[in-house]
Amino acid sequence: KEFAAISHAYDVLIDEELRQKYDLGEKIKDVLRRGFDATLYIPLEMQYNEETKKSYPSQLETQQLTVFCDGELNMLFYQPESTAVENEPLHPNMDKCFELRYVQRVIYGRNDLVMSAAFGSPPLEQETRIVLVGSKLPHDIYIEFDTPESCHQMLEGLRIVRCEKSMLFSQNLEKWKNKGFD
């Protein structure tokens, strides 16, 4: 078992593409643990669609929040964005969090029905929104970033982190990529 872990680590170090993914994953893990400011769109009302047999938000509230994870990256917490000159400490609140184990897909906002209806479908290089999708989440998680670059890095990083934690997520990601989604 130890030999397999060392062998895998060596493979990652010598493969340039795997190394880039590993480095990005570590960078995103660090950002998630320290927290970052973003805009979250919180569903206020849900509407049931008979055709798709799913509920969708019919009204979204915009909130400026600080988003962060616990050390193990199991929970995604959010709290009001700090208005103080110095950053306020992060306060995990179990009433204001999502379990990352329930995230089945991490997609660009342009590929989500609600986000594309609300904001249109910008070109990929201008996209600033991601959606964390999961059937056991209370609702999909809609996050907007300041720049397309930070959006892209967070999307890829969250996918890497989720693939490390969940084989099902990894399989779903492959299916989505094969269907031509970003």
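**Note on helix H2 and the strands around it**

1. The buried residues of H2 pack against strand E1 (36–49), strand E2 (54–69), strand E3 (75–80) and H4. Buried means under 20% relative accessible area, exposed over 50%, and partly exposed in between (1.4 Å probe, protein chains only). Helices (H or I, at least four residues) and strands (E, at least two) are DSSP runs, numbered from the N terminus. This is a predicted model, in which local features need pLDDT of at least 70 and side-chain atom pairs count only at pLDDT 80 or more, while totals for chains, interfaces and linings use all residues. Residues are numbered from 1 along each chain as its sequence is written, and side-chain values use heavy atoms, with hydrogens and water left out.

2. Helix H2 covers residues 16–34, and its end C-alpha atoms are 27 Å apart, in agreement with the 27 Å that its 19 residues should span at 1.5 Å a residue. The expected span is 1.5 Å times one less than the number of residues. The buried residues of H2 are Leu-24, Gly-25, Ile-28, Lys-29, Val-31 and Leu-32. Seen down the helix axis, these buried residues fall within an arc of 165°, so they line one face of H2; the arc is that of the directions from the helix axis to the C-beta atoms. On the other side of H2, Glu-16 and Arg-34 are exposed. Gly-35 follows H2 and has a positive phi, near 95°.

3. Val-31 is found in helix H2 and is buried, with a relative accessible area of 17%. Leaving aside neighbours within four places in sequence, Val-31 is in contact (heavy atoms within 4.5 Å) with Phe-36 and Met-154.

4. Met-154 is one of the buried residues of H4, which also include Cys-151, Leu-155 and Leu-158. Helix H4 (residues 148–165) has 18 residues and reaches 26 Å from its first C-alpha to its last, close to the 26 Å expected at 1.5 Å a residue.

5. Strand E3 is mostly covered, with five of its six residues buried. E2 and E3 pair in the antiparallel sense over five bridges; two strands pair if DSSP finds at least two bridges between them. Thr-66 stands opposite Gln-79 in E3. The two strands E2 and E3 form a hairpin with five residues between them, and Leu-73 in the turn has a positive phi of about 60°. E3 also pairs with strand E4 (residues 97–99), in the antiparallel sense over three bridges. There, Cys-97 in E4 is the bridge partner of Phe-77.

6. Both faces of strand E7 (residues 141–144) are covered: Ile-141 and Ile-143 on one side, Tyr-142 and Glu-144 on the other, are all buried. E1 and E7 run antiparallel and are joined by three bridges, and Leu-40 has Ile-143 in E7 as its bridge partner. E6 and E7 pair in the antiparallel sense over four bridges.

7. Arg-129 lies in strand E6 (residues 129–133). Arg-129 is buried, with a relative accessible area of 12%. In E7, its bridge partner is Glu-144. The side chains of Arg-129 and Glu-144 also make a polar contact (3.4 Å). A polar contact is a pair of N or O atoms within 3.5 Å; within protein, one must be able to donate a hydrogen and the other to accept it, and residues adjacent in sequence count only if both atoms are side-chain atoms. Not counting residues up to four places away in sequence, Arg-129 touches several others, among them Tyr-41, Phe-119 and Cys-151.
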